[in-house]
Amino acid sequence: KLRQGGQYSVSLSASVASRCYSHAKAETDEEFDARWVTYFSKPDLDAWELRKGMNTLIGYDLVPEPKILDSALRACRRLNDLASAIRILEAVKDKSGPHKDIYPFVIQELRPTLTELGISTPEELGIDKA
């Protein structure tokens, strides 16, 4: 996961706490990513579920991986919801915080998907200045 520090990292304190206080198996980064890709790839996902999923995902202390965002943007296209697609990109930029290298990396990774789906970035639309 891309964490606020701009690096791939694992939260040791969370995994230690999980081992000490819970019998549940800790979710790996790959399982986390796969869970969210699967969530956004559901063919019957509706607009409310899309917004709920993004709200939950953005609430975590991480910047979602491009493959998760790819799946979410494809859900926006299935729902014909350009506004949500733009809000997703704005949320990623906001979550990147002061780490100026994260957002350009995510956009670079998503560029083929954005082009395929006909989605412009907030910067391309000129709405990043507001």
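Leaving aside neighbours within four places in sequence, which residues is Ser-71 in contact with? They are Trp-36, Val-37, Phe-40 and Ser-41, where contact means heavy atoms within 4.5 Å. This is a predicted model, in which local features need pLDDT of at least 70 and side-chain atom pairs count only at pLDDT 80 or more, while totals for chains, interfaces and linings use all residues. Residues are numbered from 1 along each chain as its sequence is written, and side-chain values use heavy atoms, with hydrogens and water left out.

**Confidence**
- The protein chain has an average pLDDT (the predictor's confidence in each residue, from 0 to 100) of 87, and 82% of the residues score at least 70.
- Over residues 7–19, pLDDT stays under 50.
- Where pLDDT is low, the predicted coordinates should not be read in detail.

**Ser-71**
- Ser-71 sits in helix 4.

**Helix 4 and helix 6**
- The axes of helix 4 (residues 66–78) and helix 6 (residues 102–117) come within 10 Å and cross at roughly 25 degrees; axes are lines fitted to C-alpha atoms over the stretch in contact, with angles from 0 to 180 degrees between N-to-C directions.
- That angle makes the two helices roughly parallel, a term for angles under 35 degrees.
- Residues making this contact include Leu-69 and Leu-73 of helix 4, and Phe-105 and Leu-110 of helix 6.

Conventions:
Helix = DSSP H or I, 4+ residues; strand = E, 2+ residues; numbered from the N terminus. Parallel < 35°, antiparallel > 145°, perpendicular 65-115°, else oblique.
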